[in-house]
Every structure is written in structure tokens, then in C-alpha cells.
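The sequence and structure come first.

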Amino acid sequence: MTNNIFLNGICRPWNIHAGTFLALSLRTLADASGGSSLEAWREKFSQFVPQRSPLSIDENGIAHISIHGTLFNKEAPYFVAGYGGTDYAEILREIETASKKAKAVFLKIDSGGGHACGNDKVAKAVSQCAKPVFAYTDGMCCSAAYAIASGASYICASADSTVGSIGTILPLMDVSGLWQSLGIKPDYITNREGTLKTAGYPPSQNEDERAALQAETQEYFELFKSHVLANRQIANDDMRGQAFVGVEALKRGIVDEICDENTAYNKLKILTTC
């Protein structure tokens, strides 16, 4: 039964992006075996994979929002929970709630980044929040996670944290040698005008396909870069995809202070009582 649902749903013509097709295939298999909410999947995986904490508002009126693990955009719930990640929709809902019910927002970040699509919307929600937002990391605050943090009023980090990695990547693997050794030859049928429709599909890319993917990747980076520069003064040379450890991130203006979590929280608490 599962195989029939999968084959009937997948084996047909698509107007679809390569990465989206892979995600859809995984999601279809999950739906065929019985779907569940993200909260339910988190509970199932929690004994194996650390999960993010949900929004909480403490006695001082400060909302605590967790930016944890890989960041996903509208991904299947079992996939997000299985990787111990965070869905962008979760963050958006919690920021909206915090802006209405809390005095300030404390972002606790430990993430190496995630999907480019959807990241700009969350980053702007943070920068446009009506309440003060402090970001703190004692782990990783990189790439998509840093885009989110960059709109905060103040960014604090521990001395041994890893921050930055301002850049966009579209990972491809040339598997032509492997496919040839296995006797596999790709044969994609597209519309006549779709000369770039196979860009992103394995086993490899020709020059025109690579150029199209380069342009797509650059467009996502320009969104990332423009948001960061609208909120922080960072040199172009520090936005080449590299990450920095604690003190070096401070020197380059990527964070505002090196401290522990309690110090960062107390600064925000004082701000809310002024």
C-alpha cells in the first residue's frame, strides 16, 4: 500500500526544483506511513536527539526563544524533529506572541544555519520586533542563525562560541564517476524550452547549468548581506563565509560583547525596568 501511494504520487511530470523534489519524496513516504504534528515528533525523538525548548515568558516579562539546530523552512515535522532542528514558522509564531505579551525577547542561539528560503522573513521579524531583542550564543551562531541574530538590539557570545559564516552555499556533488561505474546513465525529459531545467540534478552540471545555480545562490546571498548591513557595520572582507571565535568576532563587530548567559540576560532585564 505504501509503495502504491509513493509511486502514484511521485512518478509523473513535475514543475519542480531538484531540492524540492527530494524533500517531497521523503515527505510522501512519511505521510504514507502516518503523519503527526511537530510537537508529537519532538516528543518521540527527544530521548535520542536534543530538541529546542518552546517559547516561555518568565517572571520578569522576558520571552525566551530558542534558535536550535538546523533551521528548516516548511519541512516535514518528522524531519525537523529527527535532526533536532527548528522550523522557521515556529520562530515567527513565537516572535509574534512575544511582541504582544512580553516586555523583551531573549534569543538563545545554538545553530549552524539552515535553509536560505524563509530565512530573510524571520530575520526581518526579529529586526522589526516592537520589543527589545537580545541574542546570546555559547555554541554556534552561524549563517542563517546569524542572519536572525544580526537584527537583535544586542548580540552577546561566550569566548569559545563560533559566530558569523555570512554566506550562501548550494552543495552539489559530481557523482558521474560513480554512476558510470554502476552502469547508470541519467536521462531527463524536460519541455523543449527547459534547457536549464536539469540544473541541480545529478550526476553533474554543464557550464550553463552551473551559471544558473550560481546566480540563484548569489541572489540569496544578496538578501542575507543586505539584511546584515542594514543592522550591523561589518566589513565586506568579513562576509566571505568564514566564521570567527568569540573575541575575534567581537573585534570585527559581529557581536557586541563577550560574556556568559546570565550577564547577557541581566543586561536585558535592566533595560526592561528602565
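Which residues are buried in helix H6 (residues 119-127)? Asn119, Val122, Ala123 and Val126 are, where buried means under 20% relative accessible area, exposed over 50% and partly exposed in between (1.4 Å probe, protein chains only). Seen down the axis of H6, these buried residues fall within an arc of 100°, so they line one face of the helix; the arc is that of the directions from the helix axis to the C-beta atoms. An α-helix has 3.6 residues a turn, so residues three or four places apart point the same way. The buried residues of H6 pack against helix H5 (88-101), strand S5 (104-111), strand S6 (133-142), helix H7 (144-149) and helix H9 (207-231).

This is a predicted model, in which local features need pLDDT of at least 70 and side-chain atom pairs count only at pLDDT 80 or more, while totals for chains, interfaces and linings use all residues. Residues are numbered from 1 along each chain as its sequence is written, and side-chain values use heavy atoms, with hydrogens and water left out.

The protein chain has eleven helices and ten strands, taken as DSSP runs numbered from the N terminus (helices H or I, at least four residues; strands E, at least two). Of its 274 residues, 39% are buried. Among contacts (heavy atoms within 4.5 Å) between residues at least 6 apart in sequence, 67% join residues at least 24 apart.

Thr272 lies in helix H11 (residues 261-273). Leaving aside neighbours within four places in sequence, Thr272 is in contact with Ile62, Lys103 and Ala104.

Trp41, Phe45, Phe72, Tyr78, Phe79 and Tyr83 form one aromatic cluster. Rings of Phe, Tyr and Trp (its six-membered ring) pair if their centres lie within 6.5 Å; planes under 30 degrees apart count as stacked, over 60 as edge-to-face and the rest as tilted. The count comes to ten aromatic pairs. One of them, Phe79 with Tyr83, is tilted, at 5.0 Å centre to centre and 50° between the planes.

Leu178, Leu182 and Ile184 make a nonpolar surface patch of about 290 Å². Ile184 is found in the loop between helix H8 (176-181) and H9.

| Residue | Relative accessibility | Class |
|---|---|---|
| Thr272 | 18% | buried |
| Phe79 | 21% | partly exposed |
| Ile184 | 41% | partly exposed |
| Tyr83 | 53% | exposed |

Conventions
Patch = residues over 30% accessible without salt bridge, like charges linked within 9 Å, V, L, I, M, F, W, Y side chains within 5 Å. Areas by Shrake-Rupley, 256 points an atom, 1.4 Å probe, with all protein chains shown as cover. Salt bridge = Lys/Arg side-chain N within 4 Å of Asp/Glu carboxyl O.
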